[in-house]
Amino acid sequence: MTRATSAGWRVVNVDLVIVAERPKLAAHRAAMTALLAAALRVAGDAVGVKATTTEGMGFEGRGEGISATAVCLLEQA
């Protein structure tokens with residue numbers, strides 16, 4: 001955020017997908033969304049947090065790790 005805002009940009013929205021077999025994240029999604037929105041200085045509806053599994057495939061499916069992908073739309077402030 002510091003680098004983006006100092007370069008004259010602001011966050012419009014963010015979409016995050018977390019891939020994990022466990023822990024189950026549904027119970028934590030609202031809190032994660034609120035914390036990310038606060039950190040990014042945007043409204044809660046500008047942050048999307050989703051969770052999915054790999055149905056037992058790959059390192060996430062074996063429980064060896066978690067991966068995440070995030071996309072952020074910026075606009076000049």
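These exercises, with worked solutions, walk through a predicted model.

**Exercise 1. Find which residues of α2 are buried, and on which side of the helix they sit.**

Step 1. Locate the helix. α2 covers residues 29-40. It has 12 residues.

Step 2. Check its length. From first C-alpha to last, α2 reaches 16 Å. That is close to the 16 Å expected at 1.5 Å a residue.

Step 3. List the buried residues. They are T33, A37 and L40. These three cover an arc of only 75 degrees around the axis, which puts them on the same side of α2.

Step 4. Recall the helix rule. An α-helix has 3.6 residues a turn, so residues three or four places apart point the same way.

Step 5. Turn to the other side of α2. There, L35 and A38 are exposed.

Step 6. Ask what covers the buried residues. The cover includes β1 (9-19) and β2 (47-52).

**Exercise 2. Decide whether T33 is buried or exposed, and name its contacts beyond the neighbours within four places in sequence.**

Step 1. T33 is in helix α2.

Step 2. Apply the cut-off. Buried means under 20% relative accessible area. T33 has 16% relative accessibility, so T33 counts as buried.

Step 3. Name the contacts. With neighbours within four places set aside, T33 touches G44, V47 and V49.

Step 4. Link this to the sheet. V49 is the bridge partner, in β2, of L16. β2 is also part of what covers the buried residues of α2.

**Exercise 3. Work out the strand order of the sheet and how its strands pair.**

Step 1. Read the order. The 3 strands form an open sheet, β2-β1-β3. The pairing is mixed.

Step 2. Find the edges. β2 and β3 (67-76) stand there, each with a single partner strand, so one side of each is left without a neighbour in the sheet.

Step 3. Note the twist. From one strand to the next, it averages 15 degrees.

Step 4. Take the first pair. β1 and β2 run parallel, joined by 6 bridges. I18 stands opposite A51 in this pair.

Step 5. Take the second pair. β1 and β3 run antiparallel, joined by 10 bridges. Here V19 stands opposite S67.

Step 6. Trace the crossover. The chain goes from β1 through α2 to β2. This β-α-β crossover is right-handed.

**Exercise 4. Describe the surroundings of I18.**

Step 1. I18 lies in strand β1.

Step 2. Judge its exposure. The limit for buried is under 20%. I18 has 9% relative accessibility, so I18 counts as buried.

Step 3. Sort the contacts, leaving aside neighbours within four places in sequence. Among them are V49, K50, A51 and T52. Others include I66, S67 and A68. L25 and M32 are in contact with I18 too.

Step 4. Look along the chain. I18 and T53 are 35 residues apart. Their C-alpha atoms are separated by 8.3 Å.

Note on methods. Residues are numbered from 1 along each chain as its sequence is written. This is a predicted model: local features need pLDDT of at least 70, side-chain atom pairs count only at pLDDT 80 or more; totals for chains, interfaces and linings use all residues. Side-chain values use heavy atoms; hydrogens and water are left out. Helices (H or I, at least four residues) and strands (E, at least two) are DSSP runs, numbered from the N terminus. Buried means under 20% relative accessible area, exposed over 50%, partly exposed in between (1.4 Å probe, protein chains only). Contact means heavy atoms within 4.5 Å. The expected span of a helix is 1.5 Å times one less than its number of residues. The arc is that of the directions from the helix axis to the C-beta atoms. Two strands pair if DSSP finds at least two bridges between them. Axes are lines fitted to C-alpha atoms, for helices over the stretch in contact, and angles run from 0 to 180 degrees between N-to-C directions. A crossover is right-handed if, with the strands pointing away from the viewer, the path from the first strand over the helix to the second runs clockwise.
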